[in-house]
Amino acid sequence: MAEPATLKIGFVTPISSSSAHFEPFRAFIPEEVEMDFEGLGIVRGSLESLRGTDDMVVETSARLARERGWKGVIVSGAPVEVLNPGLLGRLKDAVDVPVTTALESCVEALKSLSTPRVLLLTPFVESMNKLIRDYLTACGIEAISPADTFDDYRDAMTVEPEDVYALTEKALAANPDVDAVYFQGAVLDPLKVLDRIEQNLSRPVVASNPAMLWFMLSRVGFSCSIAGYGKLLRDWPDITG
């Protein structure tokens, strides 16, 4: 029997591609998909160092897509987008194949699930959260985020799954009038408790890595059902736009 065709997708991240928080993501990528991770390593201490890096992100994404034969490109990291307004448009102009960002993918996922008011949970400081909330507002989505934030996004890498669940439960208790929970910033990793959050706390969950996978594969005409990571990947809804 012939081997199934491989769909090669580029995943461009501002940090290192070897970061441990990508391992849970790799675990649920369909076997027909080859995800080619490319770490740019352009964060220098504070995430504010991403400001002004848009030229490099655009040029590298476009070049690698051509050189490596990618059929689609994901550019991860909400901070790189909100700190470089217009990045998504520039990527779409420069890259010859479908391209998306974390924020575009998550907005499309929230719309596909009909969830216009969300609880935003991130590993970022409040100034970054505000930029993300403003982005969502411009897309027609109202976001609320807890007043308590992490001092540094890297602190979230040590948060255990049960603590992510407890953090979510506490934040929902304080903000019950939301349609969904939205995790942006995969170092605050909900994947191991995502199904349980949906089942026990009665809200769909959109997390950035699953949303980017769903949206990009949908863009290139691929669909499937992936169990264990929430409604979005299990039901694989159509893109609304």
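Predicted model: local features only at pLDDT ≥ 70, side-chain atom pairs only at ≥ 80, totals over all residues.

Trainee: At what angle do α7 and α8 pack, and how far apart are their axes?

Mentor: Angles under 35 degrees count as roughly parallel. Helix α7 (residues 161-174) and helix α8 (residues 194-201) pack at about 30°, and their axes lie 10 Å apart. The two helices are therefore roughly parallel to each other. The crossing in which α7 passes α8 is right-handed.

Trainee: How does one judge the span of a helix, for instance that of α2?

Mentor: One sets the distance from the first C-alpha to the last beside the span expected at 1.5 Å a residue. Helix α2 covers residues 54-68, which is 15 residues, and reaches 21 Å, close to the expected 21 Å. Just after α2, Gly69 takes a positive phi of about 70°.

Trainee: Which residues of α2 are buried, and against which elements do they pack?

Mentor: Buried here means under 20% relative accessible area. In α2 this holds for Asp54, Val57, Val58, Thr60, Ser61, Ala62, Leu64 and Ala65. Their packing partners are the strands β1 (7-13), β2 (33-39) and β3 (72-75), together with the helices α3 (78-82) and α4 (87-94).

Trainee: How many residues of α9 are buried?

Mentor: In α9, 11 of the 12 residues are buried, so this helix is largely enclosed by the rest of the structure. Among them are Pro210, Met212, Trp214 and Phe215. Helix α9 (residues 208-219) reaches 16 Å from its first C-alpha to its last, close to the 16 Å expected. Just after α9, Gly221 has a positive phi of about 85°.

Trainee: Let us turn to a single residue. Where is Thr122 placed, and is it buried or exposed?

Mentor: Thr122 belongs to the loop between β5 (117-121) and α6 (126-138). Its relative accessible area is 8%, so Thr122 is buried.

Trainee: With which residues is Thr122 in contact, leaving aside its neighbours within four places in sequence?

Mentor: With those neighbours left aside, Thr122 is in contact with Asn129, Phe150, Gln184 and Leu188.

Notes: Residues numbered from 1 in each chain as written. Heavy atoms only, no water. Helix = DSSP H or I, 4+ residues; strand = E, 2+ residues; numbered from the N terminus. Expected span 1.5 Å × (residues − 1). Buried < 20%, exposed > 50% of the residue type's maximum accessible area, 1.4 Å probe, protein only. Contact = heavy atoms within 4.5 Å. Axes fitted to C-alpha atoms, helices over the stretch in contact; angles between N-to-C directions. Parallel < 35°, antiparallel > 145°, perpendicular 65-115°, else oblique. Left-handed = near helix turned anticlockwise from the far one by under 90°.
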